[in-house]
Amino acid sequence: MNAAAALGGWGQTLIWTIIPFLFVLTIVVFVHELGHFWVARRNGVRVEAFSIGFGRELVGFNDRHGTRWKLCAIPLGGYVKFYGDADAASTPDFDTANAMTEDQRSQSFFHKTLGQRAAIVAAGPIANFILAIIIFAGVFTIFGKPITSPRVETIVAGSAAEQAGFQPGDLVLTINGREIESFSDMQRIVGSSAGASLAVVVDRGGDRRTLTAVPTIFEFKDRFGGTHRIGRLGISRSHQPGDTQIRHYDPFTATWMGVTETWFVIDRTFAYLGGVVMGTQSADQLGGPIRIAQVSGEAAQIGFVALLSLAALISVSIGLLNLFPIPMLDGGHLVFYAIEAVRGRPMSEKSQEMAFRFGLALVLMLMIFATWNDIRGLVG
């Protein structure tokens, strides 16, 4: 009986992890590939396949333009295959391309102008950023944004806040000239400013005062075993009635907030990667499909809004990842096109083949490293 109950519980956990994970990943991948597809079609490129997932086809159909839309057995990504591509990574099939007739060349991605090819490649990541902005804007408009007043309730003894002269009841107005609307706004700035001097303007009983605070470095491990280093002042938010509210925004304001939120994710991602290179951040925060699945399941249990917000975050991350200058990724193709623009002619076939092999090896190593972090987090 106990074994059966344990098995049933495990099965429920698996279902509530896999379903949200597939929901989030499918939306993000579909929009990414739709970006490539839409711009390609408008530039006269024949699209042979639009696939969600890899491996054996489970279900599919052909549209009136001859594109095969399909869902495949391994749902960890997707691709759009253009006429003239050798594979799903858009590696050029040089032999086939050189033997094409004039009519065939007019439909081939390989024979489009440099600007057209660059636009088609860049459309995928751009679509991911647009999706994130739309999701954030929709959430802020329909469901609203929880706003907690940036009012200080308690101060940790010996903390950076105490040394700076903070007092309970202080209402933070600006930090380094940036207006502070909520406690989370303050957390974001402080968290990314460890060791930096911050000019904090507070309202203390109707009087404005400027305090100079230097957040201390706080290091902690998340539930996946990743090490985080952030700045901390040592204050807590107010729990007084009226200091927390749900604020709804009009579509135009919400859209701008969506842009700001998307840019914040991009900025923090670059800051983290820079920290990894400089040795101030740990690479064990990098995660793969297992970690995404875990977080998706947890977000789904919190609620639909949390799952949508996670989809927006992952959409930004995938768009940004694809812009990295690694052969096989969209960013690698854009680097090839930049070299072609400078040289006046494409890179040699041999050079491109070697670059794609290097890119494949690098992507595989990154996947293995991320999966290892996931497994280590599970064990931990």
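## Ground rules

Residue numbers start from 1 along each chain as its sequence is written, and side-chain values use heavy atoms, with hydrogens and water left out. Since the model is predicted, local features need pLDDT of at least 70 and side-chain atom pairs count only at pLDDT 80 or more, while totals for chains, interfaces and linings use all residues.

## How α4 meets α10

Let's start with helix α4 (residues 114-143) and helix α10 (residues 330-343), whose axes come within 9 Å and cross at roughly 160 degrees. (Helices are DSSP runs of H or I with at least four residues, strands are E runs of at least two, and both are numbered from the N terminus; axes are lines fitted to C-alpha atoms, for helices over the stretch in contact, with angles from 0 to 180 degrees between N-to-C directions.) The two helices are therefore roughly antiparallel, a label for angles over 145 degrees.

On the α4 side, the contact (heavy atoms within 4.5 Å) uses Leu-114, Arg-117, Ala-118, Val-121, Ala-122 and Pro-125. From α10 come Asp-330, His-333, Leu-334, Tyr-337, Glu-340 and Ala-341.

The largest nonpolar core has 27 residues, and Val-24, Ile-135, Phe-140, Tyr-249 and Val-316 have the most contacts inside it. (Such a core is a set of buried Ala, Val, Leu, Ile, Met, Phe, Trp, Tyr and Cys residues joined through side-chain atoms within 4.5 Å; buried means under 20% relative accessible area, exposed over 50% and partly exposed in between, with a 1.4 Å probe and protein chains only.) Helices α1 (2-42), α4, α7 (251-278) and α9 (304-322) each supply at least two of its residues, with α4 giving the most, at 9.

Another core, of 22 residues, lies apart from that one and includes Ile-52, Phe-336, Tyr-337 and Met-347.

Phe-143 belongs to helix α4 and is partly exposed, at 38% relative accessibility. Setting aside neighbours within four places, Phe-143 touches Gly-138, Ile-246, His-248, Val-305 and Leu-308.

Thr-174 sits in strand β5 (residues 171-175) and is buried, with a relative accessible area of 19%. Beyond its neighbours within four places, Thr-174 is in contact with Glu-179, Ile-180, Ala-199, Val-200 and Val-201.

Note on methods
Parallel < 35°, antiparallel > 145°, perpendicular 65-115°, else oblique.
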